Amino acid sequence: QVQLVESGGGLVQTGGSLRLSCAASGRTFSMYSMGWFQQTPGKARTFVAAISNNGGRTYYADSVKGRFAISRDNAKNAVYLQMNSLKPEDTAVYYCAASWGSVSTPVTAGGYTYWGQGTQVTVSS
């Protein structure tokens, strides 16, 4: 089991950057695959990025490829999402997700077991 808490969201202008953080509890964080998802209120959560438990494999939604970067620091029990060149369409609540071991479908929300509370990202035009 793991508890996830996101932070780092905020209001930025188009073209700006934000770095989201996800702090995890427990001492087995390195065994979890991690993902970031976004959700507009009233809509389903959609995939943004994911990283394998050892950090050797990353996945990105086409819409954020080249702009966002996911990373993890297992020593700090943390996963990050660096968001650059932000666009108004990036506006959403961003959620951190975790799954024990490997994830066969990293781009699918159903592939993850644990979720954080979310952090709001708003990009003004």
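1. F37 and F47 are both buried, where buried stands for a relative accessible area under 20%, exposed for over 50%, and partly exposed for values in between (1.4 Å probe, protein chains only). The model is a predicted one, in which local features need pLDDT of at least 70 and side-chain atom pairs count only at pLDDT 80 or more, while totals for chains, interfaces and linings use all residues. Residues are numbered from 1 along each chain as its sequence is written, and side-chain values use heavy atoms, with hydrogens and water left out.

2. The count of aromatic pairs comes to 6. Rings of Phe, Tyr and Trp (its six-membered ring) pair if their centres lie within 6.5 Å; planes under 30 degrees apart count as stacked, over 60 as edge-to-face and the rest as tilted. The pair of F37 and F47 is edge-to-face, with 5.8 Å from centre to centre and 75° between the planes. F37 belongs to strand 4 (residues 32-39) and F47 to strand 5 (residues 46-51), so this pair ties together parts that are 10 residues apart in sequence. Strands (E, at least two residues) are DSSP runs, numbered from the N terminus. Ring pairs link F37, F47, Y112 and W115 into a cluster.

3. Two arginines are placed over aromatic rings. R45 lies over the face of W115, at 4.7 Å from the ring centre. R72 lies over the face of F29, at 4.6 Å from the ring centre. The criterion requires NZ of Lys or CZ of Arg to be within 6 Å of the ring centre and within 35 degrees of the ring normal.

4. Side chains of opposite charge can pair when their charged atoms come close. The structure holds 2 salt bridges, each defined by a side-chain nitrogen of Lys or Arg within 4 Å of a carboxyl oxygen of Asp or Glu. One of them joins D90 and R67, at 2.8 Å from N to O. This pair links distant parts of the chain, 23 residues apart: D90 is in the loop between strand 8 (78-83) and strand 9 (92-100), and R67 is in the loop between strand 6 (58-60) and strand 7 (68-73). Both D90 and R67 are buried.

5. K65 and D62 also form a salt bridge, their closest N and O atoms being 3.5 Å apart. K65 is exposed, with a relative accessible area of 52%. D62 is likewise exposed, at 66%.

6. A disulfide (a pair of cysteine sulfur atoms within 2.5 Å) is found once by this rule. The bond joins C22 to C96, with 2.1 Å from S to S. The link of C22 and C96 is left-handed, with -85° about the S-S bond. C22 is buried, with a relative accessible area of 0%, and C96 is buried, also at 0%.

7. The largest nonpolar core holds 34 residues, of which M34, W36, V79, L81, M83 and Y94 touch the most other members. Such a core is a set of buried Ala, Val, Leu, Ile, Met, Phe, Trp, Tyr and Cys residues joined through side-chain atoms within 4.5 Å. The elements giving two or more residues to this core are strand 3 (18-24), strand 4, strand 5, strand 7, strand 8, strand 9 and strand 11 (119-124).

8. V79, in strand 8, is buried at 0% relative accessibility. Leaving aside residues up to four places away in sequence, V79 touches L20, S21, C22, F29, M34, W36, I51, I70, S71, R72 and C96; contact means heavy atoms within 4.5 Å. The C-alpha atoms of V79 and A24 are separated by 8.3 Å, although these residues are 55 residues apart along the chain.

9. S52 is found in the loop between strand 5 and strand 6. S52 is buried, with a relative accessible area of 13%. Residues up to four places away in sequence not being counted, S52 touches S33, R57 and R72.

10. Backbone angles deserve a separate point. Most residues other than glycine have a negative phi. N77, which is not a glycine, has a positive phi of about 50°. N77 lies in the loop between strand 7 and strand 8 and is buried, with a relative accessible area of 16%. S85 likewise has a positive phi, near 50°. S85 is in the loop between strand 8 and strand 9 and counts as partly exposed, at 41% relative accessibility.

Technical notes:
Helices (H or I, at least four residues) and strands (E, at least two) are DSSP runs, numbered from the N terminus.
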